[in-house]
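Please keep the model open beside you while you read.

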Amino acid sequence: MTRKDAVNVTDVRIASALQLHGRASWDQIARVLGLPERTVARRGQRLLDEAVIRVTGVVDTQLLGRPEPVLLRLEGRTGGGPDTARALSAIQETRTVLTLLGSSDYFVELVPHSRESLRDLVYRGLPTQVRSSSSYPVLMFYSATHTWNGGALTEGEAARLRRPALPPFGSRNGGVTLQQDELDMIALLVEDGRIPTTRLAAALGISQSTASRKLSALLESGAVRVRADVTPSLFGLHTEALLWLQVSFRHLDEVGEALARRPEVMTLVSISGDYQVCAHVAVADHRSLQRFLVDVVGPLAVSELDTTIVLETFKRGGRTAIRRPASLPFNSDRDGVAHAADSSAGDDAHD
């Protein structure tokens, strides 16, 4: 194994560790990986600073009484690609914005504040470059991105980092009422899932012990879930696709549960409309995608399938993606550490 290979393996293992426990300290991750804390801190912080990994809080909006997410498939006017995607990303209620190759030009995940705001957005809020749209309200999450992992750790290592299981994302409607300081804390976690409790306390004007207690309560309730959003290409998964499946309701759970168990599947939901399932998958390349469709999807009770390839990610997890030149995605410093060309600040956690 070359030095460069070793560097890449270490980065991937750190990324996988953060996916399992986004707020784990560098010391905790170092002990699990069997590496010096200084190495893990330097490598991990670089990955965060340069947005190869972005740790963020994801709100279970339905638990807070907000409407279910809605998926949009959009067709745009010729030549509007990036400008339209940026306009969609600027809408506060979009959590995911992707440009696509295939039967649709754009994919948007909406998380509406209310039924009224959803109506206003669908009627009047989409960019004028959008020619047509199809909407698919989410019925149920079979798997969500915050539970997806690149699988770079052994099961024993993963068990030492994995957090206690929570009810499935979006499975509870209402039931949690938050105070304003808790809502403010969630807003800070959405911006930086690893924000230390000292900074939370300072921003909210409360003691560190109170901030730590409130943070623990929020995480245990599942109102907000800290996730590491890792660029799939870091794991060697260079092709992302959205699969739109027509499935008889008699077989819906069977298909949903079977696909949700697959490591290629990042997110899988049941939806209403002319398709019943939408799956976001990440694989090595187009040939691997074909094998997934033939060997995994093919034997299932799926009557029709539409596959759209992700061309570019403009927004993921509510955060605007960092744009990188396609011809030069990574540089290397004098220590041989692979890192991305653009940068964005990130913080360690000290819980």
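1. Helix α9 makes the greatest contribution to the lining of the largest pocket, giving five residues, where helices (H or I, at least four residues) and strands (E, at least two) are DSSP runs numbered from the N terminus. The volume of this largest pocket is about 930 Å³. Its lining is made of 30 residues, and those closest to its centre are Leu-20, Arg-163, Pro-164, Leu-166 and Val-226. Two or more lining residues come from each of α1 (3-20), β5, α9 (208-221) and β6. On a 1 Å grid over the protein atoms alone, a pocket is an open set of points with protein on both sides within 12 Å along at least five of seven lines, whereas a cavity is a set where a 1.4 Å probe fits but cannot get out, and lining residues have an atom within 4 Å of a point. Grid points are joined across faces, edges and corners, and a volume is the space filled by probe spheres set on the points.

2. Please bear in mind that this is a predicted model, in which local features need pLDDT of at least 70 and side-chain atom pairs count only at pLDDT 80 or more, while totals for chains, interfaces and linings use all residues. Residues are numbered from 1 along each chain as its sequence is written, and side-chain values use heavy atoms, with hydrogens and water left out.

3. By class, the lining of the largest pocket holds 15 nonpolar, nine polar and six charged residues. Here Ala, Val, Leu, Ile, Met, Phe, Trp, Tyr, Cys and Pro count as nonpolar, Asp, Glu, Lys and Arg as charged, and the others, Gly among them, as polar.

4. How many cavities of 30 Å³ or more does a search of the whole structure find? The search finds one, and the space in the largest cavity is about 310 Å³. Among its 23 lining residues, Thr-96, Glu-109, Thr-145, Thr-267 and His-280 lie nearest the centre. Strand β8 provides the largest share of this lining, four residues, and the lining as a whole has 13 nonpolar, six polar and four charged residues.

5. Glu-109, found in strand β4, deserves a separate look. Is Glu-109 buried or exposed? Its relative accessibility is 11%, so Glu-109 counts as buried, the term meaning under 20% relative accessible area, with exposed over 50% and partly exposed in between (1.4 Å probe, protein chains only). The side chains of Glu-109 and Thr-96 are joined by a polar contact of 2.9 Å, that is, a pair of N or O atoms within 3.5 Å, of which, within protein, one must be able to donate a hydrogen and the other to accept it, and residues adjacent in sequence count only if both atoms are side-chain atoms.

6. Asp-229 belongs to strand β6 (residues 224-230) and is buried, with a relative accessible area of 10%. A polar contact of 3.5 Å links its side chain to that of Arg-316. Residues up to four places away in sequence aside, Asp-229 touches Val-52, Ile-53, Arg-54 and Arg-316, contact meaning heavy atoms within 4.5 Å.

7. Ala-144 sits in the loop between β5 and α6 (155-161) and is buried as well, at 6% relative accessible area. Leaving out residues up to four places away in sequence, Ala-144 touches Phe-169, Met-266 and Thr-267.

8. For the chain as a whole, 51% of the 351 residues count as buried, and the secondary structure comes to eleven helices and 13 strands.
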